[in-house]
Amino acid sequence: MAQLLHLEGIDSVVLEDRSREYVEQRIRAGVLEQGTVDLLNEIGVGERLRREGLVHDGIELQFAGKRHRIDFPSLTGGRRITVYGQQEVVKDLITARLETSRPLHFEVSDVEVNGFESESPVVRFRREREDVELRCDFIAGCDGFHGVCRDSIPAGVLRAFEREYPFAWLGILAAAPPSNEELIYAYHEHGFALHSMRSPTITRLYLQVRPDEELAEWPDERIWNELELRLGLEGWTLNTGEVLEKGVTGMRSFVVEPMQCGRLFLAGDAAHIVPATGAKGLNLAVADVRLLASGIAAWYRNGDVSLLERYSSDALRRVWRAEHFSWFMTSMLHRLEGGDEFDVKLQLAQLAYVCSSEKAAASLAENYVGLEHV
Ligand code: DHB
């Protein structure tokens, strides 16, 4: 957001409550849509991404003991995805921000946003034991699901839509070369498993677990056994290695409408959460700030409020499309606790359809690589 504004000649102050080390190390998803890659290139932060990002032309769906490939370019008119860790994007954005010499403050606390229903919003925060007060034209609430912006909006303005899923993902990062060139989304009677990667030497793997799963119940050996079982096929072996990181992530869908209150605009996880399957979170945040920055730029250029007035409805069209896609992938691929054989048959029928009908595969593919005109 700050980089987009900077390129339009608009100044901003970026506040982050964590440390630089924390945000640069925190592991998140790693799939960038074509449109996200295009935007990172346009704003001048794509150099390392072009060098180190792994361009993928497809994914594999595995069920009933077989793998089926979904080929993106042939189904989407040449579009692809790039595997590149979210924290690598964060590092590149921080570097670009520091190069501009414009303010980026880490480890601020006590952030408060006020006055956004007037023409002069105020942001207060504490930095290096000093209280700071900022007056500004706009506040971009890019502060995540647990941030202060959404909760600062008066009651009755926002409507929330929410769904919790009865499972979570146990994710590991391992010092092992990927065991397959592409991502594998596996449906198995023990639950979902995902094979992904970060580089030619680092594998990222996930297992469906209970939402209240204790990491202590999952020593490395149990994780590898379960991954081998759920992802395994005759004649294929899973590369193993030192487990570098381990964590459990809950799965939920969440959207607030509208994504605005006066001059406070919400973007990314502050306004919406998707379940992880399909890795839409960062991509949606990037699409939000692209819209928001062009709305703010039009306002400064000639007082044009039309884009800002449409920001929420424009952003929400893509948000709901991605909510549906993430829900669809999640529902198709996870074992439902308490589900019955009927659920299993429906999931298998859907998987078989997606893997045998070119039209169904194209629908999955165009959502996966990112829709252009939503
Ligand atoms: C990754 C995460 C996802 O949620 C997904 O659908 C694919 C890949 C990842 O972390 O690599």
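The model is predicted, so local features need pLDDT of at least 70 and side-chain atom pairs count only at pLDDT 80 or more, while totals for chains, interfaces and linings use all residues. Residues are numbered from 1 along each chain as its sequence is written, and side-chain values use heavy atoms, without hydrogens and water.

Start with helix 10, residues 306-333. Helices are DSSP runs of H or I with at least four residues, strands are runs of E with at least two, and both are numbered from the N terminus. The expected span is 1.5 Å times one less than the number of residues. Helix 10 has 28 residues, so it should span 40 Å; its end C-alpha atoms are 41 Å apart, which agrees. Helix 10 also has a kink of about 40°, centred on S312. The bend is the angle between axes fitted to the seven residues ending at a residue and the seven starting there.

Now turn to the ligand. Around it are 15 residues, of which Y185, S196, R198, Y206 and A276 come nearest. Being near takes a heavy atom within 4 Å. By class, the shell has 9 nonpolar, 4 polar and 2 charged residues. Here Ala, Val, Leu, Ile, Met, Phe, Trp, Tyr, Cys and Pro count as nonpolar, Asp, Glu, Lys and Arg as charged, and the others, Gly among them, as polar.

Which strand gives the most to this shell? Strand 14 does, with 3 residues.

Next come the ligand's oxygen atoms. A polar side-chain atom of Y206 lies 2.6 Å from one oxygen atom. A backbone N or O atom of G278 lies 2.8 Å from an oxygen atom of the ligand.

Key. A polar contact is a pair of N or O atoms within 3.5 Å; within protein, one must be able to donate a hydrogen and the other to accept it, and residues adjacent in sequence count only if both atoms are side-chain atoms.
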